[in-house]
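I opened a new page for this entry.

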Amino acid sequence: VDVTLQTPESIEIMMEEVAQAISALLESENGSKLALVDVPLPVTGGTELDDWPGGVLQQYSVLQPMLKVSMKALNFSTTAINARDYLSKDDAVGIWGDKGITFVSFCTPEEIPILKERISWSGSSERVIIVNNKFFLDPLSKDESKKFLANAQIAYKLEQLNMRGPNALPCRGLLFRKFPGSFKAARRLDGGGYVVLAEYQELPDRATLETLFMEDSAERDKNLSLQQRMMRMIPQLPA
């Protein structure tokens, strides 16, 4: 019997789940000082050619009120929640801190030295939470980013997946993790809802997910009619 993945019913619920994951991380005996959060941003003000014509500054304008929900759930002070501090204003690398937690948005490799320093002097109970990082911007930044993230824990991840089955048949899915739970790879069914295909204790790489979806599609989609296959090929809005 297929196990369904219950996704957050709203952005507010998703951001409350982020706070719950961070709380669990704070209580964990072996929690890392560095944690990652990756959440989808609702497209606001997009065009037919570009979802984010205003770039990362436009993304910040969407993420900042979302983070307020998480900070409120974590009992941040009003002053901390409404702070407008940056490590880099041009790159929208915002920073908010209270209750032993520091949120940082849209980090690039340029901020790694600053974050290393902050983590090294922070108390043992403090956590730096990087939200929607921009570390892997180019091949030259990958090695430094990978070394920095080597000991980071993924507190929360809700990533949309666009995968392929046999004959390039589109398959939409999600990769979900809420600390301390496992990583769940789920596929969106044509009739709606998500079914869990596999669970992993560690973050699965792209090749693993491609194989998973290919094998699932080969079995699950083998009896689709030509019309059903054509309908699957038509681009759809995210849901």
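I count a residue as buried when its relative accessible area is under 20%, and as exposed when it is over 50%. The model I am reading is a predicted one.

**Entry 1. Aromatic pairs**

I began with phenylalanine 103. Is phenylalanine 103 buried or exposed? Its relative accessibility is 0%, so it counts as buried.

I then searched the whole structure for aromatic pairs and got five. In one of them, the ring centres of phenylalanine 76 and phenylalanine 103 are 5.9 Å apart. Their planes stand at 45°, so I logged the pair as tilted. Phenylalanine 76 sits in the loop between α2 (55-73) and α3 (78-81), while phenylalanine 103 belongs to strand β4; the two are 27 residues apart, and the pair links distant parts of the chain. I checked phenylalanine 76 as well: at a relative accessible area of 6%, it is buried.

Next I took the pair of tyrosine 156 and phenylalanine 176. The pair is edge-to-face, with 5.5 Å from centre to centre and 90° between the planes. Tyrosine 156 is in strand β6 (residues 153-164) and phenylalanine 176 in strand β7 (residues 170-178), so this pair ties together parts that lie 20 residues apart in sequence. Tyrosine 156 has 0% relative accessibility and counts as buried. Phenylalanine 176 is buried too, at 11% relative accessible area.

I also noted a cluster in which ring pairs link Tyr60, Tyr86 and Trp96.

**Entry 2. Nonpolar cores**

Which residues have the most contacts inside the largest nonpolar core? I found Val39, Phe103, Ile129 and Tyr156, in a core of 41 residues. Helix α1 (residues 11-27) gives the most to this core, namely eight residues. There is a second, separate core of 29 residues, and Phe135, Ile154, Ala198 and Leu212 are included in it.

I listed the contacts of tyrosine 156, leaving aside neighbours within four places in sequence. Among them are Met14, Val18 and Ala21, then Leu36, Val37 and Val39, and also Phe176.

**Entry 3. The sheet**

I wrote out the strand order of the open sheet: β2-β3-β4-β5-β1-β6-β7-β8-β9, nine strands with mixed pairing. The edges are β2 (85-88) and β9 (194-200); each has a single partner strand, so one side of each is left without a neighbour in the sheet. Neighbouring strands are turned by 25° against each other on average, direction ignored.

**Entry 4. Strand β5**

How many residues of strand β5 (residues 127-131) are buried? Five of the five are, so the strand is largely enclosed by the rest of the structure. Side chains in a regular strand alternate between the two faces of the sheet. In β5, Arg127, Ile129 and Val131 point one way, and Val128 and Ile130 point the other way.

I looked at both partners of β5. Strand β1 (residues 34-38) runs parallel to β5 and is joined to it by four bridges. Strand β4 (residues 101-105) also runs parallel to β5, with five bridges. Isoleucine 130 is the bridge partner of leucine 36, and it is the bridge partner of valine 104 as well. Serine 105 stands opposite valine 131.

**Entry 5. Strands β8 and β9**

β8 and β9 are paired in the antiparallel sense over six bridges. I noted arginine 188 opposite tyrosine 194 in β9. The two strands form a hairpin with five residues between them, and glycine 192 in the turn has a positive phi of about 105°. β9 is mostly covered, with six of its seven residues buried.

Arginine 187 lies in strand β8 (residues 183-188). Its relative accessible area is 2%, so I marked arginine 187 as buried. What does the side chain of arginine 187 make a polar contact with? The partner is the side chain of aspartate 216, at 3.1 Å.

**Entry 6. Serine 120**

Last, I looked up serine 120, which is found in helix α4 (residues 112-121). Its relative accessibility is 56%, so serine 120 counts as exposed. The side chain of serine 120 reaches the backbone oxygen of glutamate 117 at 2.7 Å. From C-alpha to C-alpha, serine 120 and lysine 33 are 9.0 Å apart in space, against 87 residues apart in sequence.

Technical notes. Residues are numbered from 1 along each chain as its sequence is written. This is a predicted model: local features need pLDDT of at least 70, side-chain atom pairs count only at pLDDT 80 or more; totals for chains, interfaces and linings use all residues. Side-chain values use heavy atoms; hydrogens and water are left out. Buried means under 20% relative accessible area, exposed over 50%, partly exposed in between (1.4 Å probe, protein chains only). A polar contact is a pair of N or O atoms within 3.5 Å; within protein, one must be able to donate a hydrogen and the other to accept it, and residues adjacent in sequence count only if both atoms are side-chain atoms. Two strands pair if DSSP finds at least two bridges between them. Axes are lines fitted to C-alpha atoms, for helices over the stretch in contact, and angles run from 0 to 180 degrees between N-to-C directions. A nonpolar core is a set of buried Ala, Val, Leu, Ile, Met, Phe, Trp, Tyr and Cys residues joined through side-chain atoms within 4.5 Å. Contact means heavy atoms within 4.5 Å. Rings of Phe, Tyr and Trp (its six-membered ring) pair if their centres lie within 6.5 Å; planes under 30 degrees apart count as stacked, over 60 as edge-to-face and the rest as tilted.
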